[in-house]
Amino acid sequence: MNWKFWRKKQEHAKKKSATREWTEAIIFAVVAATLIRTLFIEAYTIPTPSMERSLLVGDFLFVSKVNYGARTPMTPIAFPFAHHTMPIIGTKAYWDGVKLPYYRLPGLGEVKKGDVVVFNYPMEADSPYFRPVDKRENYIKRCQGAPGDTLRLINAQVYVNGKAAPNPPGEQTDYTIKTTGMEINPDVLADLGVSNYEGAPPTMTKATAEEVKRINNVQAVTPNVKQPGIADPFNPVFPAAYPKYKLNPKNKGYDWNVDNYGPIIIPKKGWTVKLDSLTLPLYGRAIEVYEGNKLKIENGKIFINDKETTAYTFKMNYYWMMGDNRHDSLDSRYWGFVPEDHIVGKALFVWMSWDDNASFFHKIRWSRLFMGIH
């Protein structure tokens with residue numbers, strides 16, 4: 001036997017082509033990156049001003065999956081690195097033919113009041129534009145209420161369990177600026193940190209409002225706070241936005257608005273709520289949409305899964321999320337509770353911040369790089 005020839009033949013068989021090596025390397029990189037994004041940490045960007053001035057449009061941040069425990073994929077068959085839509089072609093980036101039940105790995109802790117949290121948009125749950133839970137749009141807000149808390153807003157101040165909640169340093173709202181008649185230089189307001197959104201009054205933090213008051217031609221700076229007991233029919237808040245769950249359609253409902261809201265109890269797993277004309281508007285959507293029950297009202301009576309009932313015990317924990325930009329944020333005031341299976345992770349720090357409106361040499365907000373999120 002020609003051992004030399006046999007050895008060369010074996011060595012040749014062991015050699016991999018360049019194409020095969022590249023293919024294996026790419027597959028390994030995709031699998032590794034997918035596991036990291038799913039179980040540990042993922043990058044997100046801030047697309048809207050709902051968290052200003054705590055987080056700005058153009059902030060790029062890392063979100064931890066470890067803090068609250070990684071949520072295992074509920075729609076496991078999906079294109080890598082695409083959330084719900086394929087880039088360029090715009091088709092679905094997942095196949096919902098296979099669905100897995102909600103499960104969360106053990107984490108370092110639970111969602112706490114004050115945490116800045118990324119979660120899936122709850123309003124998609126019963127909208128015509130339906131997606132599976134883990135493929136719904138990502139939102140980022142601050143947790144203001146935890147399971148079992150009683151939350152209320154009085155003149156734009158959040159109260160939890162009867163105590164005023166700490167206000168984030170970047171929290172801002174709309175103000176009316178009264179001057180002597182002379183216009184304020186827009187550059188001066190911009191330098192002070194006043195935000196101007198199209199069709200909206202000047203928006204700023206309390207600290208900025210104090211600075212604006214010191215401008216020579218300014219007479220008064222007053223926050224625009226909606227009066228209690230007056231609902232806004234053109235901008236209805238939860239639960240008035242969901243009249244489906246009224247036991248009596250003729251009932252006036254809740255006269256709440258974005259600044260004077262509640263009190264409302266946030267559902268906790270295992271909590272049993274008595275269902276009547278006062279509570280069903282608050283909890284009907286969670287019972288039917290998030291917890292997957294069949295709910296109907298017939299002759300003033302409540303039926304869950306075709307059985308008449310006067311009470312319900314919740315299967316999940318829920319949270320109350322609000323944006324720091326109080327008058328320019330679509331949040332729990334409009335669609336109610338965020339269920340635990342929608343929670344994605346905790347925002348950790350900003351690793352890059354890009355200002356599209358700045359000049360070329362000032363587009364990077366250097367002071368925000370690697371800034372912790374509080």
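**View 1. Centre of the largest pocket.** The largest pocket of this predicted model has a volume of about 1,100 Å³. Its lining is made up of 42 residues, of which Glu-42, Tyr-44, His-83, Asp-134 and Asn-138 are the closest to the centre of the pocket.

**View 2. Elements and residue classes around the largest pocket.** At least two residues of the lining of the largest pocket come from each of the helix α2 (18-39) and the strands β1 (41-45), β3 (116-120), β4 (138-145) and β19 (343-353). Sorted by residue class, the lining of the largest pocket holds 21 nonpolar, 12 polar and 9 charged residues.

**View 3. The second largest pocket.** For the second largest pocket, the computed volume is about 580 Å³. Among the 20 residues that line the second largest pocket, those closest to its centre are Glu-52, Val-57, Asp-355, Asn-357 and Arg-365. The lining of this second largest pocket divides into 8 nonpolar, 6 polar and 6 charged residues.

View 4. Ile-27, Val-31 and Leu-35 together make a nonpolar surface patch of about 260 Å². One of these residues, Val-31, has its place in helix α2, the element that also supplies at least two residues to the lining of the largest pocket. Val-31 counts as partly exposed because its relative accessibility is 44%, a value that lies between the limits of 20% for buried and 50% for exposed residues.

Note on methods
Residues are numbered from 1 along each chain as its sequence is written. This is a predicted model: local features need pLDDT of at least 70, side-chain atom pairs count only at pLDDT 80 or more; totals for chains, interfaces and linings use all residues. Side-chain values use heavy atoms; hydrogens and water are left out. On a 1 Å grid over the protein atoms alone, a cavity is a set of points where a 1.4 Å probe fits but cannot get out, and a pocket is an open set with protein on both sides within 12 Å along at least five of seven lines; lining residues have an atom within 4 Å of a point. Grid points are joined across faces, edges and corners, and a volume is the space filled by probe spheres set on the points. Helices (H or I, at least four residues) and strands (E, at least two) are DSSP runs, numbered from the N terminus. Ala, Val, Leu, Ile, Met, Phe, Trp, Tyr, Cys and Pro count as nonpolar, Asp, Glu, Lys and Arg as charged, and the others, Gly among them, as polar. Patches are made of residues with over 30% relative accessible area and no salt bridge: like charges are joined within 9 Å, nonpolar side chains (Val, Leu, Ile, Met, Phe, Trp, Tyr) within 5 Å. Accessible areas come from the Shrake-Rupley method with a 1.4 Å probe; for residues, only the protein chains shown count as cover. A salt bridge is a side-chain nitrogen of Lys or Arg within 4 Å of a carboxyl oxygen of Asp or Glu. Buried means under 20% relative accessible area, exposed over 50%, partly exposed in between (1.4 Å probe, protein chains only).
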